[in-house]
Structure formats: C-alpha cells, structure tokens
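Here is a short briefing on the structure shown below. The points are grouped by topic.

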Amino acid sequence: MNAPFFKFDYFGEETSLIVAFIIGIGFGFFLERAGFGSGRKLAAQFYLTDLTVFKVMFTAVITAMVGLFWLSVLGLVDLSLVYVSNTFLVPQIVGGLILGVGFVIGGYCPGTSCVAASTGKYDGMIYLLGIIAGIFAFGEAFPLLKDFYTSTAMGKVTLPQLFGISYGLVVFLVILMALGGFVGAEWVEKKFSVKSGGVRK
Amino acid sequence: MKTLKLSLHQSLALVAGLLGIFAIVAGNPYKGNTATMNVKELCLLVERETDHISVDELADWIIKGKADFRLIDVRSEKEFAEYHIPTAENIPVGSLFDAELMRNEKLLLYSEGGIHAAQAWFILKAQQYKNVFILRDGLAEWKDRILFPSISDSATAEVKQAFEKRKVVSKYFGGTPITGASEVSQTKQLAIPKIQMPSGSPAPTGTTKKKKKEGC
Amino acid sequence: MKTLTLNGPVDDTAEAVHDRIEQPAARYWNPYVAGIGLGLVLLASFVIMGRGLGASGAFTSLVSVGVNAVAPEHATSNGFFSEYLGDGKHNPLKDWLVFEVLGVIVGGFFSGILAHRVKGTVEKGERISTGKRFLLAFLGGGIMGFGAKLARGCTSGQALTGGALLSLGSWAFMLSVFAGGYAVAYFFRRQWQ
C-alpha cells in the first residue's frame with residue numbers, strides 16, 4: 001500500500017475535493033455527536049463542570065497519533081509525506097492565548113461553530129460572522145504584524161526531535177499523559193458538578 | 001475462577017496503553033529515507049530518454065510562460081546567485097528532501113553539465129517521484145545555445161536563417177549572439193546577463209515559492 | 001410528517017409537539033467513543049490525503065475572495081490575502097479546506113437530525129439576555145478569528161492535526177489555548193451560568 005494516496009497520485013485535485021467533503025462530513029458528524037454543537041457544553045470545559053472538550057480532543061489526538069505511528073511502522077504509510085506545518089513558536093503561543101480567550105467569550109471554535117450553526121444555534125451563526133470579521137481585521141493589520149507573525153521560525157519541529165528521543169517513546173508518553181489526564185478529568189468533573197448542583201447537559 | 005470484567009473505559013485505556021508500550025520498541029516510523037526500486041524499470045527509462053528536455057524546449061516554455069513545471073537548479077547557492085535560468089529555484093542536491101517537492105509535480109532539474117542533475121533524478125526516481133526531467137547538457141548547453149549562440153561566416157543560408165530566430169531568443173534572455181567564427185574565442189569574456197526575468201515575459205514566477213498552505 | 005425548523009418559527013401543530021415529546025434529543029455520545037471516531041476521521045485524512053483537518057483556513061479563503069471582489073488592488077497588495085488568492089489561475093474557493101468545511105456543516109446537520117437536536121435556539125446561561133449573548137458571540141468569534149490567524153490555525157488545524165503529528169508549535173498552541181481560556185473564564189461566568 002502506498003499511502004498517503006493523494007501524494008502517490010492515486011487521484012487528482014478534483015477528486016481530492018470530493019474526498020475533502022466526505023472527510024468533512026465525518027468530522028462534523030463526530031463533533032456533533034460529542035456535543036460540540038452546544039456552546040454551553042464547550043464553555044463548561046473552562047468552568048470544570050464538563051470536561052468533554054478535553055476528553056474528546058485528547059482521545060482524538062492519541063487515536064490519530066497511534067494509528068499513524070503504527071501504520072508507518074508497518075510500512076503502510078509514508079510518514080515523511082504527511083504534511084506537518086512549520087513552527088513559529090511565539091506567535092503560536094500568543095495566538096493560542098488569544099484564541100482561548102475567544103473560546104470562552106464566544107463559546108465555540110471555528111469548526112464547532114459550523115456544527116452549531118447547522119444545528120440551528122443562532123449564536124453559532126453570529127459567531128461565524130465574528131470569525132470572518134476577525135480574519136478580516138487580521139488581514140488588514142497584517143502589514144503591521146508581519147514581523148511578529150514570521151518571528152521565531154523553527155521549521156518543522158516535532159517533539160521527538162526537540163527532546164531527542166524516539167518517536168515511539170513520545171507516543172507512549174503522550175498516551176500515558178492522556179490516560180492520566182482522563183482519570184483526573186473524571187475526578188474533577190465529579191467534584192465540580194456536585195459543587196455547582198448537577199451536570200448541565 | 002473469577003472472570004476479569006472491564007468497563008468500556010478500562011478496556012479502551014488498556015488498548016491505548018498496550019499500543020503505547022509497544023510503540024517504544026517498534027522502531028522508527030520515518031521510512032522515507034530508504035527506498036526500494038525497480039531497477040529494470042529505471043534502466044528502460046534511461047534508455048528511452050523520454051525524461052530529457054532540450055534547452056530549446058525550455059527556452060520556449062519560459063517565453064510562453066508555461067507554469068506547469070518547477071525548474072530546479074541543483075547547484076550550490078553560490079553558483080545559483082551568480083547566474084541561473086530565469087524562473088528557476090535553487091535546491092542543492094543535499095537539501096533535496098527538505099524542499100517539500102511533491103511526488104506528483106513536474107520537476108525539471110539542471111546543473112552545470114548534467115551529472116548532478118542526473119544523480120538527483122535517480123534519487124528522486126527511487127523515491128517514487130513521477131515526473132522528473134533533466135535539462136540535456138545542463139547550464140553549459142543553455143549558455144552555448146541560448147545565451148551566446150554562434151555561427152560561422154561560412155554557414156549555409158538555411159543555417160543563417162535559423163540563426164536569426166536564435167538571435168531573438170538570445171536577446172530575450174539577455175544574451176549576446178555571436179557572428180563570425182573568429183569571435184567564438186571571445187565567448188568567455190561576454191557578459192553573463194543579470195538575473196531577472198526578461199522584459200515582457202508573461203509569468204515572472206521567479207524564485208519565490210507560491211506553495212499553498214495545507215494547514216488550518 | 002415531522003418538520004424540523006431551522007430558522008423559522010417553531011412548529012406548534014399538535015403533530016409536531018407530539019413528535020418532539022415522543023422523540024427527545026438523544027444523549028451525546030460517550031466522549032471517548034466520539035473522540036475515537038474523530039481520531040479515525042483525522043487518521044483517514046492522513047492516510048488518504050497526507051494532511052490533517054482544518055477550519056479557519058476555509059474562512060480565510062472566503063474573506064480573501066470577499067476582499068478581492070470589493071477591492072482587488074488592495075487584496076493583491078496585502079501579503080496575507082494574496083497568499084490565499086494564489087496565482088489567479090485557480091479559484092481560491094476550489095480549495096480543500098473549503099470543501100471540508102462544507103462537509104462539516106452537512107455532517108453536523110446530519111448528526112443533529114438523527115439525534116433530534118436540530119432546533120433554533122441560543123446557547124447561553126439563564127442570567128444573560130439574548131442580545132448580550134449575540135454581542136459576545138460576535139466578539140468571541142472575532143477574537144478567535146484573529147488569534148487563529150496569528151497562530152496559523154485553530155483547534156482543528158493546530159491542536160488536533162498538529163497534536164497528532166507531534167508538532168512542537170501545535171502542542172505549544174494547544175496548551176496556550178487552555179491557559180488563555182482558564183485565565184479569563186472567571187470574568188465571563190455570567191454568560192454561561
């Protein structure tokens with residue numbers, strides 16, 4: 001098997017758009033199933049009453065990470081052909097902080113707001129307009145931000161490279177961390193939902 | 001005997017834990033640096049010479065603004081800075097795999113004479129790159145035929161007529177056509193044109209990359 | 001027939017009320033199961049396309065096309081918009097992420113229908129007015145859009161995709177998102193409680 005299929009020319013640009021649509025359907029489906037169409041459920045992550053965001057996100061990360069690792073080790077996927085975006089450390093940290101603030105205020109992130117809007121949440125639709133305004137503002141401010149935006153460019157850096165340990169060991173450590181996190185999340189949830197009078201669903 | 005009963009969460013955690021533990025000893029997932037190749041297929045490819053592009057063809061493509069290929073200069077950065085064929089981008093052989101070349105792109109390689117380009121061709125072919133081409137006889141031929149075409153005074157009328165066309169192409173790329181065999185010896189002193197797209201060219205892609213992001 | 005109204009007024013015919021009572025919104029899936037599903041979709045994207053998921057990029061294409069339509073010269077002179085507009089040979093909206101996000105909208109709707117969760121509502125706590133909630137949603141979206149562009153991606157493109165690929169920037173980003181969220185959560189608690 002030569003994977004990633006697209007990189008080996010199994011199908012062209014046009015077909016890739018159909019693939020994108022189908023993958024998107026799967027993405028949207030599971031986001032909705034997890035309850036990510038609800039701003040209250042998403043925001044509850046930051047009030048510790050419902051840690052679904054953490055649980056779903058890290059489960060997804062380790063599923064894909066472990067799957068990709070094993071498929072690569074077995075020679076079924078060429079990992080070097082999977083696109084890893086470049087690291088720009090400081091802009092990404094600052095951007096992440098800003099994004100976290102937006103998350104609490106708005107209640108969604110770009111992907112989940114699409115699901116919220118399509119399941120009839122009016123605030124989700126307005127949130128989408130907000131994103132568009134925010135991106136427009138960024139674009140307009142880009143000449144001023146350009147130097148910062150391109151600062152601390154580190155290229156493609158992965159955690160195994162950074163720590164100088166094997167990829168498999170990082171995979172193990174991430175799983176360990178996630179499992180520990182899940183146990184902690186269940187405990188926190190129980191504690192805080194009792195305090196605030198039951199879990200809001 | 002007591003049967004061990006696990007909840008859904010416990011069994012999922014167990015699976016994840018096991019996959020993680022074995023991951024430590026599973027080895028390196030990056031297998032991209034080693035390659036297996038079909039040598040017979042490569043031999044046939046070499047024999048057929050379908051992967052050669054002549055300098056005349058390339059000149060024609062650049063003039064017409066053809067943009068469906070990437071012209072790659074595999075020489076060193078220093079040599080590249082001195083002169084390169086317009087629209088070329090510099091990827092020295094050593095950094096061939098840092099350059100994010102796509103396996104489905106049309107890549108045209110050139111070096112000074114052609115040896116480095118041919119070696120890079122082989123490396124890329126071994127990595128399953130589909131459309132890799134070599135500029136026949138490299139930059140040397142480009143200089144001889146495109147930048148500084150020469151003609152002897154004793155040439156036939158037919159050759160002279162063809163040379164008129166070559167002169168136009170040469171001027172387009174900022175070169176100097178040479179008439180009269182006696183002047184050929186002066187070729188070395190002729191000025192190498194400045195690196196810039198010739199005026200009036202349709203698509204000055206230059207060396208700047210216009211790669212689309214794949215991220216979010 | 002049951003009608004599911006998205007934007008219009010709530011259907012209050014006896015039949016519809018009966019349907020709503022008889023088919024209450026299903027419970028959300030176990031988060032770990034949903035997470036595995038999400039992870040498998042991401043894995044499929046890696047295996048089939050050699051790339052991960054995203055969302056904010058699609059909106060950037062949309063914004064760039066919009067700006068280009070209103071003020072073409074302004075758009076092409078701006079390094080940010082022009083990158084998304086490309087070389088002019090391709091329609092910027094014929095983009096992988098744009099189609100993926102269209103799929104997300106359809107997939108979310110599909111799942112919502114199956115679980116009887118598609119309903120015109122506003123997600124907010126009880127102590128805040130709808131108007132205020134809309135204002136905050138717009139504001140939050142704006143902040144999110146700005147931050148996502150600065151970080152070169154959002155929760156899908158950076159946290160999920162980059163996280164699974166063990167990219168340093170993505171992990172730094174992911175931790176920052178949680179840090180930023182927890183830092184200001186207290187000040188906006190009235191919106192959600």
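**Helix packing in chain B**

Helices α3(B) and α6(B) are roughly perpendicular to each other. The angle between them is about 70°, and angles of 65 to 115 degrees count as roughly perpendicular. The model is predicted, and local features are given for residues with pLDDT of at least 70.

- Helix α3 of chain B covers residues 55-64, and helix α6 of chain B covers residues 138-147.
- The axes of α3(B) and α6(B) are 9 Å apart.
- The crossing of α3(B) and α6(B) is right-handed.
- On the α3(B) side, the contact is made by B:V55, B:D56 and B:A59.
- On the α6(B) side, B:E141, B:W142, B:R145 and B:I146 make the contact.
- The residues of this contact between α3(B) and α6(B) divide into four nonpolar and three charged, with no polar residue.

**Domains of chain B**

- Chain B is divided into domain 1, residues 39-142, and domain 2, residues 148-189.
- The C-alpha centres of domain 1 and domain 2 of chain B lie 26 Å apart.

- Chain A holds eight helices and two strands.
- Read from the N terminus, the elements of chain A follow the order α-α-α-β-α-α-α-β-α-α.
- The C-alpha trace of chain A spans about 50 × 45 × 35 Å along its principal axes.
- Chain A has 201 residues, and 59% of them are buried.
- Of the contacts in chain A with a separation of 6 or more, 68% are between residues 24 or more positions apart.

- Chain C has 10 helices and zero strands.
- From the N terminus, the elements of chain C run α-α-α-α-α-α-α-α-α-α.
- Of the 193 residues in chain C, 55% are buried.
- Among contacts in chain C between residues at least 6 apart in sequence, 57% join residues at least 24 apart.

**Domains of chain C**

- The domain assignment of chain C gives domain 1 as residues 1-121 and domain 2 as residues 123-193.
- Domain 1 of chain C puts 10 residues into the contact, and domain 2 of chain C puts in 11 residues.
- On the domain 1 side, helix α3 of chain C (residues 56-70) supplies the largest share, four residues.
- The residues on that side of domain 1 of chain C divide into four nonpolar and six polar, with no charged residue.

Most residues other than glycine have a negative phi.

- A:T152 is in the loop between α6 (122-149) and β2 (153-155) of chain A.
- A:T152 has 13 other C-beta atoms within 10 Å, so A:T152 is partly exposed.
- C:L166 sits in the loop between α8 (155-164) and α9 (168-185) of chain C.
- C:L166 is buried, because 23 other C-beta atoms lie within 10 Å; the cut-off for buried is 20 or more.

**Contact between chains C and A**

- Chain C gives 107 residues to the contact, and chain A gives 106 residues.
- The elements that give two or more residues to the chain C side are α2 (31-49), α3, α5 (79-85), α6 (96-114), α7 (130-150), α8, α9 and α10 (189-192) of chain C.
- α2(C) gives the most to the side of chain C that touches chain A, with 18 residues.
- The residues on this side of chain C divide into 65 nonpolar, 31 polar and 11 charged.

**Contact between chains B and A**

- The contact takes 23 residues from chain B and 24 residues from chain A.
- On the side of chain B that touches chain A, the residues divide into 11 nonpolar, eight polar and four charged.

Notes: Residues are numbered from 1 along each chain as its sequence is written. Chains are lettered from A and ligands numbered from 1 in the order in which they are written. This is a predicted model: local features need pLDDT of at least 70, side-chain atom pairs count only at pLDDT 80 or more; totals for chains, interfaces and linings use all residues. Two residues are in contact if their C-beta atoms, placed from the backbone, lie within 7 Å. Ala, Val, Leu, Ile, Met, Phe, Trp, Tyr, Cys and Pro count as nonpolar, Asp, Glu, Lys and Arg as charged, and the others, Gly among them, as polar. Axes are lines fitted to C-alpha atoms, for helices over the stretch in contact, and angles run from 0 to 180 degrees between N-to-C directions. Angles under 35 degrees count as roughly parallel, over 145 as roughly antiparallel, 65 to 115 as roughly perpendicular and the rest as oblique. A crossing is left-handed if the near helix is turned anticlockwise from the far one by less than a right angle, and right-handed if clockwise. Domain bounds come from an automatic or database domain assignment. A residue is buried if 20 or more other C-beta atoms lie within 10 Å of its own, exposed if 12 or fewer, and partly exposed in between; C-beta atoms are placed from the backbone.
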